[in-house]
Amino acid sequence: MTILEETPRVRQQGDAAVSLNRLFAAGASADYATHLRVHGDVDPRAVAPGLLHELERSGLTGRGGAGFAAWRKLAATATASGERSFGGSATVIANGAEGEPRSWKDAVLLTNAPHLVIDGLLAAGAALGTSRLYVYASAKGLDSVRAAVAERRDARGITLMAAPDTFISGEASAAVNSIENDDARPRDHIRRLSESGLRKRPTLVHNVETLAHLGLIARHGADWFRSVGSTRDPGTRLVTVSGDVGREGVLEIAGGMPLADILAAAGVDRNGVSAVLVGGYHGTWLRGSQLDVPFSTTGLASVGAQPGAGVIIVIGRHRCGLAATAEIVEYLAGESAGQCGPCMFGLPALAERMSALAAGRMRRDGVADAARLADSVTGRGACHHPDGTARLVQSALVAFHDDVTAHLSGRCTRAARV
């Protein structure tokens, strides 16, 4: 889990090259003094009155997966916190729980730039007029945050909470449930967390990367943030690239950067790519012919995908995409919260069908059955875990159509399997 040295760059404003190394500009494991020297100081109380406006102008979206506009979540929480019926003062949670096995960006960020995350958390808290602040992350990720908190007086009130190492622990309501009840399972979404979250108080849950960007926007403003990236996807974002790549690791990229360019920065020869899983285990398989698509919400939507938490998994032409999918679905079935029928019964059934297809044991009518089963669990779960698993299966049946045909005949066209 390292930051690749070859940081991608973009060109704008004539021939001026703009470095994208923003979140990690202070260097690996920077102390507070170095952090201040590189990024400058910021007074959360001073920037609080104009923060919502700057966030709206910046176009910053959440980096945890859902991609909601950061300013809208802050505004909704601020509105609810002003209504007594919703419990008064708000709570802010920095969510760095990466249950996704192939996502390393939050751990890398917390290790290398914990002070930026703290800056964003303090700024969001000041904008909401609250000191109820939490950092929720893996035990390893919290080590650097704990050291950073000890370096600065303004952070002494932040509560650190360890997240369990499960796939669903990073879901926003699971984070709230874990902090409140030591039970990292998602809650039923009867009310938005911005209305009733931790201890029924209005709660803002932001991914730690989102808060790091927020900390920089609080310093430098919306125009600075938008000076890199595209009009529709401004700023930078972190992506984790793994699989059949030259260099696995975390990259900071410009918004809207073509997927092919991201892979090139990770040492990937696109001619050797069979498919790329975009968005992690709840994501979408894209074929090697679709790599020129911009890595942004609007760009990926054109091919039925979304950035999610920035997870990119590459498989080469020698690997079987159906076998890779079957392995992931089996894992996801085992990571169920066990709270609803779609998870308890639908996902194991999906795993069984995908395993049979990968092994060449599926009957010809089995593919249509698998597709129907994926459709039947979508939108019926207590959380979005069944939806994401179904999305993965449905995209695999499309992206690996030729492989499906071969496997139904009992053969695999790939020399090796994942």
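Modeller: The buried residues of helix H4 are Lys105, Asp106, Val108, Leu109, Leu110 and Asn112. Buried means under 20% relative accessible area, exposed over 50%, and partly exposed in between, with a 1.4 Å probe and protein chains only. Helices (H or I, at least four residues) and strands (E, at least two) are DSSP runs numbered from the N terminus. This is a predicted model, in which local features need pLDDT of at least 70 and side-chain atom pairs count only at pLDDT 80 or more, while totals for chains, interfaces and linings use all residues. Residues are numbered from 1 along each chain as its sequence is written, and side-chain values use heavy atoms, with hydrogens and water left out.

Colleague: What does serine 58 touch, leaving out residues up to four places away in sequence?

Modeller: Contact means heavy atoms within 4.5 Å. By that criterion serine 58 touches Ile217, Ala222, Phe225, Arg226 and Pro234. Serine 58 is found in helix H2, residues 44-58, and is buried at 0% relative accessible area.

Colleague: How many disulfides does the structure hold?

Modeller: A disulfide is a pair of cysteine sulfur atoms within 2.5 Å. The structure holds 0. For cysteine 320, the closest cysteine sulfur is that of cysteine 412, at 3.9 Å, which is too far for a bond. Cysteine 383 is in no disulfide either, and the nearest cysteine sulfur, in cysteine 343, is 5.3 Å away. Cysteine 320 is buried, at 0% relative accessibility, and cysteine 383 is buried at 8%.

Colleague: How many helices and strands does the protein have?

Modeller: The secondary structure comes to 16 helices and 11 strands. The radius of gyration is taken over C-alpha atoms, and the globule rule is 2.2 Å times the number of residues to the power 0.38. Here the radius is 22 Å, close to the 22 Å from the rule for 418 residues, so the protein is as compact as a globular protein of that length. Its C-alpha atoms fill a box of roughly 65 × 55 × 35 Å along the principal axes.

Colleague: What share of the residues counts as buried?

Modeller: Of the 418 residues, 55% count as buried. Among contacts between residues at least 6 apart in sequence, 69% join residues at least 24 apart.
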